[in-house]
Amino acid sequence: MVIRKVSIMKDHDHILHNLEQDGIDRRGFLKCMAWAGTGVLWTVSGGVLVSRTLAQIAKAGASSLAATDLSFLQISDSHIGFNKEANKDVTETFKIALDRINAMPTPPSFLIHTGDITQLSKPEEFDTFDEVLKSCRTKDVFYVPGEHDVLNDGGKLYRDRYLDKVEAKGSGWYSFEKNGVHFIGLVNVLNLQAGGLGQLGDEQLEWLEADLKGLSADKPIVVFAHIPLWTVYPNWGWGTGDSERALGHLKRFGSVTVLNGHIHQVLQKVEGNVTFHTAMSTAFPQPAPGMAASPGPMKVPAEKLRSMLGLTSVQYKQGKTALAIVDSNLS
Amino acid sequence: MKALTPKNRLAALLFGLVFLNFLVFSRADDVGSASAAPRDNRIEIKDFAFTPQTITVKSGERITWINHDEEPHTVVSVEKQFKKSPALDTDEEFSVITGAPGTYTYFCSVHPKMTGTIVVEK
């Protein structure tokens, strides 16, 4: 297994201790978090983190995007219906996120929502989400469910609403092609077992193997699912029990990007040709792994909230192995 | 026999309602009296954990879970030995009356790391 060293360029901080060989040490991780929280954007290219400020992104503007073959946007964990202290108006912050998308100089080709659309899987929460989403200029949206979207009915309501654009199999997984990139949406929030983590299950893993079979190894792959497909923090259930099997099927590909939500903060790891990335929520932040009694909603001062919410822009340029991933917050 | 006027028809109806209510109340009162009341055992859900994690109760006693988190949780029998709860939002409760003696394990199907054990004694 090749582990690439992740260098955080901004403060010339490098990984000093990488005990778990995950490319992120505790100190580096916390700096990265602080950094994400203060509104600086970062891009990943070829496994190296490079910081860019909002001003630089704005200056580069449309010209930097012109040569891009495909750009899409990840939005996650909108939790419509949540109304507790951590954010009493999640609908409003979701609207702000959509306003940011509408203001982009080059609109993304489509959106990916990585789950937890709602707080309690209620029809009226899904209704509110759908109504607010109408204001988004980008109309194509691809979904995977979060555990909050499948609370009482095993995901039936979710599947009835959000899979009409795709040929979904099983409990709602699917794949599609855009501009030569192969996208795979996986479901890892159903049939969870006592004591376990997120789960893909045999049927989905067999489908994945078959789905990838005919593809050339130089085909860029983007996998998205709600719960991280790498073990972020098992004590809080932040991982997927059988993700190793999925990654085994992806090993031969030269460029794999894994996009997840669930943990309401930006975290990244590069392992061989696979880049793992988690997005911010548009609703409320959650604590860094192990930094609180539980992973419940984190209360921050009102003026700080929007700096901890955000979305993720992803760009693919033909001929480049790594996709550029840029996180931006809502402050 | 006196014909029912609209006025005394109303009186009869009211009497009937009061009588019915009385029956319901007395039945509820029977169930609620000290001798027959199932003892209630509380399990608190807080910080993504069931407390106490293991509870020992007598058969026929009631167990009530209450969710103090800002995150929904469920109570699901691992071996499907009792009805599963709906998703419990903040401050919502769920109760079961325990049955046959034995050891029952349960978990939160939303956060499966959360597990608990019920020991039912005779």
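These legends go with close-up views of a predicted model. Local features are kept at pLDDT of at least 70 and side-chain atom pairs at pLDDT 80 or more, while totals for chains, interfaces and linings use all residues. Residues are numbered from 1 along each chain as its sequence is written, with chains lettered from A and ligands numbered from 1 in the order in which they are written.

View 1. Helix α3 (residues 90-102) of chain A has 13 residues and reaches 18 Å from first C-alpha to last, close to the 18 Å expected at 1.5 Å a residue (that is, 1.5 Å times one less than the number of residues). Helices here are DSSP runs of H or I with at least four residues, strands are runs of E with at least two, and both are numbered from the N terminus. Look for A:Val90, A:Thr91, A:Thr93, A:Phe94, A:Ala97 and A:Leu98, which are buried (20 or more other C-beta atoms within 10 Å of the residue's own; exposed is 12 or fewer, partly exposed is in between, and C-beta atoms are placed from the backbone). They cover an arc of only 165 degrees around the axis, which puts them on the same side of α3(A); the arc is taken over directions from the helix axis to the C-beta atoms. On the other side, A:Glu92, A:Asp99 and A:Asn102 are exposed. The buried set packs against β5 (70-75), α4 (123-133) and β14 (310-316) of chain A, where contact means C-beta atoms, placed from the backbone, within 7 Å.

**View 2. Helices α6 and α7 of chain A pack together.** Helix α6 (residues 202-213) and helix α7 (residues 243-250) of chain A have axes 10 Å apart, at an angle of about 10 degrees. Therefore α6(A) and α7(A) are roughly parallel (angles under 35 degrees). From α6(A) come A:Leu205, A:Leu208, A:Glu209 and A:Leu212, and they meet A:Arg245, A:Ala246 and A:His249 in α7(A).

**View 3. B:Cys108 sits in a loop of chain B.** The loop in question runs between β7 (102-107) and β8 (115-121) of chain B. B:Cys108 counts as buried because it has 28 C-beta neighbours inside 10 Å. Leaving out residues up to four places away in sequence, B:Cys108 touches B:His73, B:Thr74 and B:Met114. As for the rest of the chain, chain B has 1 helix and 8 strands, and buried residues make up 23% of its 122 residues.

**View 4. Chain B meets chain A.** The contact takes 19 residues from chain B and 17 residues from chain A.

Terms used:
Two residues are in contact if their C-beta atoms, placed from the backbone, lie within 7 Å. Axes are lines fitted to C-alpha atoms, for helices over the stretch in contact, and angles run from 0 to 180 degrees between N-to-C directions. Angles under 35 degrees count as roughly parallel, over 145 as roughly antiparallel, 65 to 115 as roughly perpendicular and the rest as oblique.
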